[in-house]
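This report describes the architecture of a single chain and then turns to selected residues and helix contacts.

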Amino acid sequence: TQWEGTPNIALECGVRGLPIVAPSLGGLTELIANERGFPVSRFDDVLGFRDAFMLCCKDRRLAERRSEKLSLHISEFHRQDTIEKLLSTIIHREAI
């Protein structure tokens, strides 16, 4: 995750409703926000990862709510037709 924009594994797991603990880095920053996952401020914050995993495991309802919001977010904003519409809008604006 240190070099990749938004790792496909985050999208694939997130859309299936799995809770995600991830560093606030690259495209993950937009995807794994507090309301949709368990972000850790730095990729090398071992204690931050530990705390996020512990919270995820300790409060299953919180994990389920965040996972559900993440799945809905991915379904809405990372669908093929949504991306195509966005790209079409960008291309159209640049052509004007």
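The sections below proceed from the overall fold to individual sites.

## Overall architecture

The model is predicted. Its chain contains five helices and two strands, and these elements follow the order α-β-α-β-α-α-α along the sequence.

Of the 96 residues in the chain, 30% count as buried. Considering contacts between residues at least 6 apart in sequence, 47% link residues at least 24 apart.

## Helix α1 and its buried face

Helix α1 spans residues 8-15 and includes Gly 14. The buried residues in α1 are Ala 10, Leu 11 and Gly 14. Viewed down the helix axis, the buried residues of α1 lie within an arc of 100 degrees, so they line one face of the helix. An α-helix has 3.6 residues a turn, so residues three or four places apart point the same way. The buried residues of α1 pack against α2 and against α4, the latter covering residues 60-77.

Gly 14 has a relative accessible area of 0%; because the cut-off for burial is under 20%, Gly 14 counts as buried. Leaving aside residues up to four places away in sequence, Gly 14 touches Ile 20, Ser 67, Leu 70, Ser 71 and Ile 74. Just after α1, Gly 17 adopts a positive phi of about 85 degrees.

When residues up to four places away in sequence are not counted, Arg 36 contacts Glu 30, Leu 31, Arg 66, Lys 69, Leu 70 and His 73. Leu 70 is among the residues touched by Arg 36, and Leu 70 is also among those touched by Gly 14. The C-alpha atoms of Gly 14 and Arg 36 are separated by 9.1 Å, with the two residues 22 apart along the chain.

## The contact of α3 with α4

How do the axes of α3 and α4 cross? The axis of helix α3, residues 46-58, comes within 5 Å of that of α4, and the two cross at roughly 100 degrees. Because angles of 65 to 115 degrees count as roughly perpendicular, α3 is placed in that class relative to α4.

On the α3 side, the contact involves Leu 55, Cys 56, Cys 57 and Lys 58, which meet Arg 60, Leu 62 and Ala 63 of α4. Classified by residue type, this contact has five nonpolar residues, two charged residues and no polar ones.

## Cysteines at the end of α3

The structure holds zero disulfides. Cys 56 is in no disulfide, and its nearest cysteine sulfur, belonging to Cys 57, is 5.3 Å away. Cys 57 is likewise in no disulfide, with the sulfur of Cys 56 as the nearest at 5.3 Å.

Conventions:
Residues are numbered from 1 along each chain as its sequence is written. This is a predicted model: local features need pLDDT of at least 70, side-chain atom pairs count only at pLDDT 80 or more; totals for chains, interfaces and linings use all residues. Side-chain values use heavy atoms; hydrogens and water are left out. Contact means heavy atoms within 4.5 Å. Helices (H or I, at least four residues) and strands (E, at least two) are DSSP runs, numbered from the N terminus. Buried means under 20% relative accessible area, exposed over 50%, partly exposed in between (1.4 Å probe, protein chains only). The arc is that of the directions from the helix axis to the C-beta atoms. A disulfide is a pair of cysteine sulfur atoms within 2.5 Å. Axes are lines fitted to C-alpha atoms, for helices over the stretch in contact, and angles run from 0 to 180 degrees between N-to-C directions. Angles under 35 degrees count as roughly parallel, over 145 as roughly antiparallel, 65 to 115 as roughly perpendicular and the rest as oblique. Ala, Val, Leu, Ile, Met, Phe, Trp, Tyr, Cys and Pro count as nonpolar, Asp, Glu, Lys and Arg as charged, and the others, Gly among them, as polar.
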